[in-house]
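Biologist: I'm still finding my way around structures like this one. Could you pick one part and take me through it slowly?

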Amino acid sequence: MAQDVAFGRERLKRARFAVAAVFCVHGAVTGSFATRIPWIQDHAGVSAGQLGLALAFPAIGASLAMPLASTITHRFGARSALRGLLALWTLSLALPSLAPNVYALCAALFVYGATAGMSDVAMNALGVEVENRLDKSIMSSLHGMWSAGALIGSAAGTLAAHLGGDARLHHLAAAVVLTVLGMVFCQGVLDLRSAPDEEAPPRFALPPRSALVIGLIGFCGVFAEGASLDWSAVYLKEQLGTSAGLAAASTTAFALTMAVARLVGDKVVDRFGAVRTVRVGGLAATLGGVLVVLGPHPAVALAGFGLIGLGVAAVVPLAFAAAGRSGPNPSQAIAGVATITYTSGLIAPSAIGGVADVTSLTVSFGLVTLLAFGLVVGAGVLRTGDRTAARAGAGAEARR
């Protein structure tokens with residue numbers, strides 16, 4: 001728990017923009033890496049199966065390392081911890097493209113994932129602190145800035161790939177630029193420190209039960225997100241016989257609706273609260289899943305994927321916000337939720353493929369639809385992070 005230090009409104013606004021910029025930098029690393037995976041595969045000389053195995057290591061590294069973020073933050077303070085962890089993450093971008101074989105690639109991606117996870121926890125914990133002090137929702141737009149950063153990074157990576165650039169040079173240059181930007185932006189975040197008498201959190205500990213329950217909502221949202229991102233184009237091409245270009249448009253529609261919904265979602269959350277926002281989003285995602293499964297025409301399926309993206313956009317930001325308010329150690333609770341969501345993102349693509357092998361892709365997206373409906377049923381667990389409900393309760397108490 002950070003010391004209760006008072007900050008003026010203008011200082012908090014500057015801190016909000018600084019954290020938003022950090023989210024953008026974090027997302028740009030992911031976008032830069034994803035676009036050069038084919039180059040990395042060729043350079044390392046790995047098969048499709050070996051690449052699939054290697055791509056599991058970022059999630060493994062993140063899951064193992066994320067609990068350390070709260071210990072690092074407790075020892076060095078929020079600003080210094082974020083500065084160091086973000087620098088490790090941006091610099092780790094240069095590692096995968098240097099790998100000469102599958103073993104080195106797995107090791108590089110383990111480090112890449114570990115630093116991604118720790119910096120992710122640190123920046124989300126700071127985001128929750130700023131949100132609490134401003135008493136207005138900002139987590140959705142922060143994650144929207146992450147999506148914007150990923151789009152920027154992927155656009156630069158696509159250009160580099162189109163020009164035939166060596167990914168080692170591309171990623172080294174990107175790592176240097178993003179590290180410098182990250183250090184500049186970190187100067188503006190809140191410099192929160194643990195109270196002198198506060199006991200240090202354990203280096204490794206199971207997340208609190210409240211975080212596990214909240215994490216299940218995150219699991220449903222991220223599963224639907226990961227499945228749609230990775231399989232929407234395949235679904236349109238194989239199930240509905242569309243062209244490759246139109247199939248690719250489904251991924252774009254999904255990503256854009258998510259990014260836009262996150263950037264504007266804070267006003268919705270402030271107006272209706274976290275629970276109703278996720279419940280209505282779950283209904284939209286469920287309707288989208290039904291359109292994907294039953295839609296006879298590609299345009300209907302495209303609309304369905306867009307609705308899934310719109311519906312799940314706010315789930316992860318609101319799950320992190322709720323976790324940050326669920327106990328005395330926000331970083332530990334956020335690490336617990338992040339571990340569950342990372343795991344969901346890891347297993348979703350392979351689970352969809354496995355179900356499709358046994359049955360069909362239509363049945364696979366029936367599973368996605370069921371998990372989307374789980375958001376409707378389980379949204380109430382986010383009441384911990386619902387400031388709208390808290391304010392209403394405080395008002396009712398004052399009127400008594």
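Modeller: Happy to! Let's start where helix 14 (residues 330-358) meets helix 15 (residues 361-378): their axes come within 7 Å and cross at roughly 135 degrees. Here a helix is a DSSP run of H or I with at least four residues, numbered from the N terminus, and an axis is a line fitted to C-alpha atoms over the stretch in contact, with angles from 0 to 180 degrees between N-to-C directions. The two helices are therefore oblique to each other (under 35 degrees is roughly parallel, over 145 roughly antiparallel, 65 to 115 roughly perpendicular, and the rest oblique). Ile352, Val355 and Ala356 of helix 14 touch Leu361, Val363, Ser364 and Val368 of helix 15, where contact means heavy atoms within 4.5 Å. Sorted by class, this contact has six nonpolar residues, one polar and no charged ones (Ala, Val, Leu, Ile, Met, Phe, Trp, Tyr, Cys and Pro are nonpolar, Asp, Glu, Lys and Arg charged, and the others, Gly among them, polar).

Bear in mind that this is a predicted model, in which local features need pLDDT of at least 70 and side-chain atom pairs pLDDT 80 or more, while totals for chains, interfaces and linings use all residues. Residues are numbered from 1 along each chain, and side-chain values use heavy atoms, without hydrogens or water.

Helix 14 also takes part in the lining of the largest pocket, where helices 1 (9-34), 4 (57-65), 7 (102-134), 8 (139-162), 10 (209-239), 11 (244-294) and 13 (315-324) each give at least two residues as well. The volume of this pocket is about 1,900 Å³. Among its 44 lining residues, Thr30, Trp146, Leu229, Asp230 and Gly345 are the closest to the centre. The whole lining divides into 25 nonpolar, 15 polar and four charged residues.

Two of those lining helices also pack together: helix 1 and helix 7 have axes 10 Å apart, at an angle of about 160 degrees. Thr30 of helix 1 belongs to their contact, along with others including Phe23 and His26 of helix 1 and Tyr112, Asp120 and Asn124 of helix 7. By class, this contact holds 13 nonpolar, five polar and four charged residues.

How values were computed. 1 Å grid on protein atoms, 1.4 Å probe; cavity = no way out; pocket = protein on both sides within 12 Å on 5 of 7 lines; lining within 4 Å. Points joined across faces, edges and corners; volume = space filled by probe spheres on them.
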